[in-house]
Amino acid sequence: MSDAARDSYGFDDLYPALGMLVVASADMESRLRYVVSELAGHDDAGWIVFEGQSVDWLVSNGLAVLGQLGAMQRWPADNSERIKAVLLDAQDANRQRNLMVHGEWRSDCIMREEGCVGRPSASPADHRLFHVCRSRYRKGFEERQIAISDVEALAQRIWTIELELRRAMKAAVAAWLGRVPDELV
């Protein structure tokens with residue numbers, strides 16, 4: 001597809017949405033690194049273990065540390081459950097993000113509607129539709145129909161996850177120390 005054809009189809013509208021998604025996911029990944037490091041009881045040099053790790057690694061190891069903290073009864077179980085729920089939400093959002101960020105965007109369906117996963121019927125109306133194919137075929141071929149509003153919604157969801165990670169960790173630390181978190185005062 002020529003550059004002119006891409007621009008006329010609405011790719012110029014897509015690029016800012018993808019940029020927003022990239023920034024949101026970087027924020028979430030940074031927060032995940034911090035939370036898992038805090039859960040593990042980081043010290044001055046411990047941060048190096050968490051740098052450069054993938055979201056999947058951070059989530060799986062965060063869940064493992066939470067399991068150990070629960071067994072040791074380091075803080076009330078509801079705090080661990082709250083953090084666990086956010087970690088799992090981050091993992092799910094990251095899977096969607098990976099398709100959008102690493103996928104190949106097209107204006108038409110490659111699979112000719114035979115295997116393309118359409119947008120859910122409950123999705124908000126958006127005529128700015130694209131088709132995204134997974135670019136890492138070793139994980140299986142996948143094509144999805146995605147609207148620009150879907151990309152923007154995922155970015156907003158990821159920022160919400162980042163905020164909830166921050167709040168959940170703050171509440172857990174406050175509970176462990178026997179304090180009421182600032183947001184509840």
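This is a predicted model: local features need pLDDT of at least 70, side-chain atom pairs count only at pLDDT 80 or more; totals for chains, interfaces and linings use all residues.
Trainee: Which element gives the largest share of the largest nonpolar core?

Mentor: The largest nonpolar core holds 38 residues, and Leu 14, Leu 32, Ile 83, Trp 105, Val 151 and Leu 165 touch the most other members. The elements that give two or more residues to this core are helix H2 (11-39), helix H4 (55-72), helix H5 (77-102), strand S3 (129-133) and helix H6 (148-176). The largest share, 11 residues, comes from H2.

Trainee: Leaving aside neighbours within four places in sequence, which residues are in contact with Val 151?

Mentor: Val 151 is among the core residues that touch the most other members. Once its neighbours within four places in sequence are left aside, the residues in contact with Val 151 are Leu 14, Ala 17, Leu 18, Leu 21, Met 100, Trp 105 and Ile 146.

Trainee: How far apart in sequence are the parts that Asp 89 and Arg 157 tie together?

Mentor: Asp 89 forms a salt bridge with Arg 157, and the closest N and O atoms of the pair are 2.4 Å apart. Because Asp 89 lies in helix H5 and Arg 157 in helix H6, the pair ties together parts whose separation in sequence is 68 residues.

Trainee: Are Arg 119 and Asp 150, which form a salt bridge, buried or exposed?

Mentor: The closest N and O atoms of this pair are 2.7 Å apart, and the pair links distant parts of the chain, with Arg 119 in the loop between strand S2 (116-117) and S3 and Asp 150 in helix H6, 31 residues apart. Because the cut-off for a buried residue is under 20% relative accessible area, Arg 119, at 16% relative accessibility, counts as buried. Asp 150, at 17%, also counts as buried.

Trainee: What is the distance between the end C-alpha atoms of H2, and which residue just after H2 takes a positive phi?

Mentor: At 1.5 Å a residue, the 29 residues of H2 should span 42 Å, and the end C-alpha atoms agree with this, being 41 Å apart. Just after H2, a positive phi of about 80° is taken by Gly 41.

Trainee: Which residues make the nonpolar surface patch of about 310 Å²?

Mentor: Trp 47 has its place in helix H3 (residues 47-50), and with a relative accessible area of 44% this residue is partly exposed. The patch is made by Trp 47, Ile 48 and Val 49.

Trainee: Leaving aside neighbours within four places in sequence, which residues are in contact with Gln 91?

Mentor: Gln 91 is found in helix H5, and at 15% relative accessibility Gln 91 counts as buried. Beyond its neighbours within four places in sequence, the residues in contact with Gln 91 are Asp 56 and Val 59.

How values were computed:
Residues are numbered from 1 along each chain as its sequence is written. Side-chain values use heavy atoms; hydrogens and water are left out. A nonpolar core is a set of buried Ala, Val, Leu, Ile, Met, Phe, Trp, Tyr and Cys residues joined through side-chain atoms within 4.5 Å. Buried means under 20% relative accessible area, exposed over 50%, partly exposed in between (1.4 Å probe, protein chains only). Helices (H or I, at least four residues) and strands (E, at least two) are DSSP runs, numbered from the N terminus. Contact means heavy atoms within 4.5 Å. A salt bridge is a side-chain nitrogen of Lys or Arg within 4 Å of a carboxyl oxygen of Asp or Glu. The expected span of a helix is 1.5 Å times one less than its number of residues. Patches are made of residues with over 30% relative accessible area and no salt bridge: like charges are joined within 9 Å, nonpolar side chains (Val, Leu, Ile, Met, Phe, Trp, Tyr) within 5 Å. Accessible areas come from the Shrake-Rupley method with a 1.4 Å probe; for residues, only the protein chains shown count as cover.
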